[in-house]
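Hi everyone, thanks for making time.

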Amino acid sequence: MSFNAIKWAVAQETTAPQKSVLMILAFHFNDEEHCAWPSHNLIAQETNLSRATVVRSITSLQRDLALIEIESREDAAGRQTSNRYYLPDYDAQSRRAPPRLEAVA
C-alpha cells in the first residue's frame with residue numbers, strides 16, 4: 001500500500017467511478033515494484049462497482065486521461081492473469097517496459 005500514491009490519486013480530476021478505480025490502484029500500488037496488479041474482480045469488490053464499470057473506467061483512465069499504463073500478463077499456460085498497472089505521473093519509475101523486439105535470424 002502506498003499512502004503517497006493514494007494522496008496523488010485523490011488529487012486527480014476524474015469521474016466518481018474513475019476516481020474509485022484509481023484510488024484502489026493506488027491502494028495496491030507497490031512502491032518497490034513501481035506498479036499494482038489487482039484483478040478486475042478485486043477492484044469491483046473493493047469499489048462496489050460492477051466489473052463492466054471497472055473495465056470502462058480503466059480504459060478511460062488509460063486512453064482518455066493517460067493516468068495509468070497497462071501491461072497485460074499471462075501465466076505459463078498462456079491464460080490471462082491480472083494486469084500490471086503503472087502510475088507514471090505519480091512515480092517516474094512506474095512506466096511500462098517497451099515490448100521486446102525478437103531478433104531476426
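Let's start with serine 82, which counts as buried because its relative accessibility is 19%, where buried means under 20% relative accessible area, exposed means over 50% and partly exposed is in between, using a 1.4 Å probe and protein chains only. Before I go on, a word on ground rules: this is a predicted model, so local features need pLDDT of at least 70 and side-chain atom pairs count only at pLDDT 80 or more, while totals for chains, interfaces and linings use all residues. Residues are numbered from 1 along each chain as its sequence is written, and side-chain values use heavy atoms, with hydrogens and water left out.

Back to serine 82, then. You'll find serine 82 in strand 2; strands here are DSSP runs of E with at least two residues, helices are runs of H or I with at least four, and both are numbered from the N terminus. A polar atom of the serine 82 side chain sits 3.0 Å from the backbone oxygen of tryptophan 37. If we skip neighbours within four places in sequence, serine 82 is in contact with Trp37, Pro38, Ser39 and Arg73, contact meaning heavy atoms within 4.5 Å.

So what does strand 2 pair with? Strand 2, residues 80-86, pairs with strand 1, residues 69-74, in the antiparallel sense over five bridges; two strands pair if DSSP finds at least two bridges between them. One of the bridge pairs is glutamate 74 with glutamine 80 of strand 2. The hairpin of these two strands has five residues between them, and glycine 78 there takes a positive phi near 90°.

Stay in strand 2 for tyrosine 86. Tyrosine 86 counts as buried, at 8% relative accessibility. Its side chain makes a polar contact of 2.6 Å with the side chain of glutamate 71. By polar contact I mean a pair of N or O atoms within 3.5 Å; within protein, one must be able to donate a hydrogen and the other to accept it, and residues adjacent in sequence count only if both atoms are side-chain atoms.

Next, serine 94, in the segment after strand 2. Is serine 94 buried or exposed? Serine 94 counts as buried, because its relative accessibility is 0%. The serine 94 side chain reaches the backbone nitrogen of leucine 87 at 2.7 Å. Two packed helices are described by the angle between their axes and the distance between the axes. Helix 3 and helix 4 cross at roughly 105°, and their axes come within 9 Å; axes are lines fitted to C-alpha atoms, for helices over the stretch in contact, and angles run from 0 to 180 degrees between N-to-C directions. That makes the two helices roughly perpendicular to each other, on a scale where under 35 degrees is roughly parallel, over 145 roughly antiparallel, 65 to 115 roughly perpendicular and the rest oblique. The contact is made by His40, Asn41, Ile43, Ala44 and Thr47 of helix 3, with Arg51, Val54, Val55 and Ile58 coming from helix 4. Those residues divide into five nonpolar, three polar and one charged. Here Ala, Val, Leu, Ile, Met, Phe, Trp, Tyr, Cys and Pro count as nonpolar, Asp, Glu, Lys and Arg as charged, and the others, Gly among them, as polar.

Zoom in on histidine 40, in helix 3, residues 40-47. The side chains of histidine 40 and arginine 51 are joined by a polar contact of 3.5 Å. Their C-alpha atoms are separated by 6.4 Å, and the two residues are 11 apart along the chain. Apart from neighbours within four places in sequence, histidine 40 is in contact with Arg51, Val54, Val55, Ile58, Asn83 and Tyr85.

Helix 4, residues 51-63, also packs with helix 2, residues 16-27, at an angle of about 85° and with axes 9 Å apart. Helix 2 is therefore roughly perpendicular to helix 4. Helix 2 brings Pro17, Gln18, Val21 and Leu22 to the contact, and helix 4 brings Thr53, Val54, Ser57, Ile58, Ser60 and Leu61. That contact divides into six nonpolar, four polar and no charged residues.

Last stop, the loops. Most residues other than glycine have a negative phi. Which value does phi of asparagine 48 take? It is near 60°, a positive value in a residue other than glycine. Asparagine 48 is in the loop between helix 3 and helix 4 and is exposed, with a relative accessible area of 69%. Alanine 66, in the loop between helix 4 and strand 1, has a positive phi of about 55° although it is not a glycine. Alanine 66 is partly exposed, at 45% relative accessible area.
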